[in-house]
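I opened this notebook to keep track of what I looked up, entry by entry.

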Amino acid sequence: MTDTTKRTRVRWLIITVLFIITTINYADRATFSIAGQSASKELGLDPVAMGYILSAFAWAYVLGQIPGGALLDRFGSKKIYVISLVVWSLFTALQGFAGFFTGLMAATVLFAMRFAVGLGESPSFPANARIVAAWFPGSERGTASAIFNSAQYFSLVAFAPLMGWLAHVFGWRSVFFVMGAVGVVAAIFFAKLIHSPTVHPWINKAEFDHIEAGGGLVRMEEASASNGAAFTWPNIKQVLSSRMLLGVYLGQYCINVLTYFFVTWFPIYLVKARGMSIMEAGFTAAAPALAGFVGGVFGGVISDALLKRTGSLDIARKTPLLLGMILATCIIACVWIEQEWLVVVVMALAFFGKGVASLGWAVVSDTSPKEMAGVTGGVFNTFGNVAGIVTPIVIGYIVKATGSFDGALIFVGAHCVITILAYFLIVGKIQRLELKAA
């Protein structure tokens with residue numbers, strides 16, 4: 001640790017790396033939504049089969065959350081994250097080989113590969129939350145969390161046009177091969193740049209003291225071995241029975257209904273319901289994604305500004321959520337809109353609002369028991385990503401039964417209202433949960 005008067009800004013390098021890795025994370029989730037239209041024709045997959053394949057990621061992602069969080073608390077963020085990144089990248093690449101099969105066998109292979117990707121990615125967001133809790137004081141945590149969380153939108157800005165072009169020029173298999181290779185390369189850079197605040201070679205004492213004085217859990221990684229003892233049923237029960245956290249979990253589930261519509265069915269909606277080509281859909285999907293990215297960063301900045309002005313976590317976290325979810329409900333208007341350009345504008349507004357409201361990971365960093373930040377983040381992400389199982393399948397059945405996406409858009413929009421109710425009627429005061437001795 002260097003010791004100079006001027007404060008270093010290593011924490012912003014850390015969040016930049018998390019942003020890049022999370023961008024790749026979400027792009028790998030969306031590979032089949034871009035390649036799926038071409039793959040479905042070649043492999044003979046109907047909308048229900050597509051729905052199950054699109055949901056496969058979330059089945060494993062949900063199952064892996066709590067075990068992944070426990071591994072993070074026991075072995076530390078860096079080691080588990082690097083393993084996670086390599087595993088999900090390899091299985092992303094392997095999906096390209098599903099083209100050797102057709103029909104039920106192709107669907108089974110794709111389901112298995114996407115299941116493995118989900119299992120590999122399961123520790124990633126709880127790890128992000130742990131790293132942010134360690135590297136950022138409370139007054140900067142909303143912005144930091146919003147930056148890595150906004151990568152879910154930027155992923156399609158950065159990679160949807162590329163994946164659409166790859167599928168159009170080189171075939172749908174190339175999407176999986178290229179994205180898998182990108183992830184393996186990213187793992188090398190991650191391992192070189194990410195360290196805890198206590199051992200990072202580039203941080204100085206001024207920055208370290210700034211983080212620690214502001215409530216950053218700078219010694220979290222040092223305590224990882226002892227934190228394994230906190231993973232007990234009485235402590236898990238306290239996390240699962242907290243009304244505050246249950247409200248946060250429900251809100252995250254509802255917000256993720258929008259997320260999973262966007263990363264699974266949205267490009268297919270543009271092709272099937274709006275008559276675009278796969279390459280047009282790839283480029284068009286980037287516009288709402290960019291709006292969501294801007295909204296995500298804006299929501300975090302506004303939240304931290306409100307926290308500094310008012311000192312109230314409730315005002316700081318709930319105000320952007322309320323305004324963002326109200327705006328996101330406009331997605332339902334696409335049921336009655338015929339012009340393609342206007343659909344894109346309305347979707348962009350909806351995802352801008354969704355981005356503004358996406359402060360759940362900041363709230364997790366604010367409320368998690370310090371002994372169980374990984375596990376609490378895992379429980380939070382478990383609840384949230386049940387939406388990844390439900391949403392693709394429900395939309396698949398709706399589209400098959402009605403021949404239209406109208407019911408799907410109403411289904412998605414209704415969850416915006418439920419998010420507001422969860423935070424304002426269930427959560428109550430936002431504060432860190434203190435574990436009681438058994």
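The entries below follow the order in which I looked things up.

**Entry 1, ground rules.** I am working with a predicted model, in which local features need pLDDT of at least 70 and side-chain atom pairs count only at pLDDT 80 or more, while totals for chains, interfaces and linings use all residues. I number residues from 1 along each chain as its sequence is written, and my side-chain values use heavy atoms, with hydrogens and water left out.

I found 20 helices and zero strands in the chain, where helices (H or I, at least four residues) and strands (E, at least two) are DSSP runs numbered from the N terminus. The radius of gyration, taken over C-alpha atoms, is 21 Å, close to the 22 Å that the globule rule gives for 438 residues, so the chain is as compact as a globular protein of that length; the rule itself is 2.2 Å times the number of residues to the power 0.38. I noted that the C-alpha trace spans about 60 × 45 × 40 Å along its principal axes.

I counted eight salt bridges, each being a side-chain nitrogen of Lys or Arg within 4 Å of a carboxyl oxygen of Asp or Glu. One of them joins Arg-11 and Glu-140, N to O at 2.8 Å, and this pair links distant parts of the chain, since Arg-11 is in helix 1 (residues 10-29) and Glu-140 in helix 7 (residues 138-149), 129 residues apart. I found both Arg-11 and Glu-140 buried.

I next looked up Asp-209 and Lys-205, whose closest N and O atoms are 2.7 Å apart in a salt bridge. These two are separated by about one helical turn because they lie four residues apart in helix 10 (residues 205-213). I recorded Asp-209 as partly exposed at 33% relative accessibility, and Lys-205 as partly exposed too, at 41%.

Arg-317 forms a salt bridge with Asp-304, with 3.3 Å between the closest N and O atoms. Arg-317 lies in helix 16 (residues 313-328) and Asp-304 in helix 15 (residues 286-310), so the pair ties together parts 13 residues apart in sequence.

Which residues does Gly-360 contact, leaving aside neighbours within four places in sequence? I listed Gln-252, Phe-380 and Tyr-423. Gly-360 lies in helix 18 (residues 360-367) and is buried, with a relative accessible area of 4%; its C-alpha atom is 9.0 Å from that of Ala-146, 214 residues away along the chain.

Gly-180, in helix 9 (residues 173-193), is buried at 3% relative accessible area. With neighbours within four places left aside, I found Gly-180 in contact with Ser-89, Thr-92 and Ala-93.

Technical notes: Buried means under 20% relative accessible area, exposed over 50%, partly exposed in between (1.4 Å probe, protein chains only). Contact means heavy atoms within 4.5 Å.
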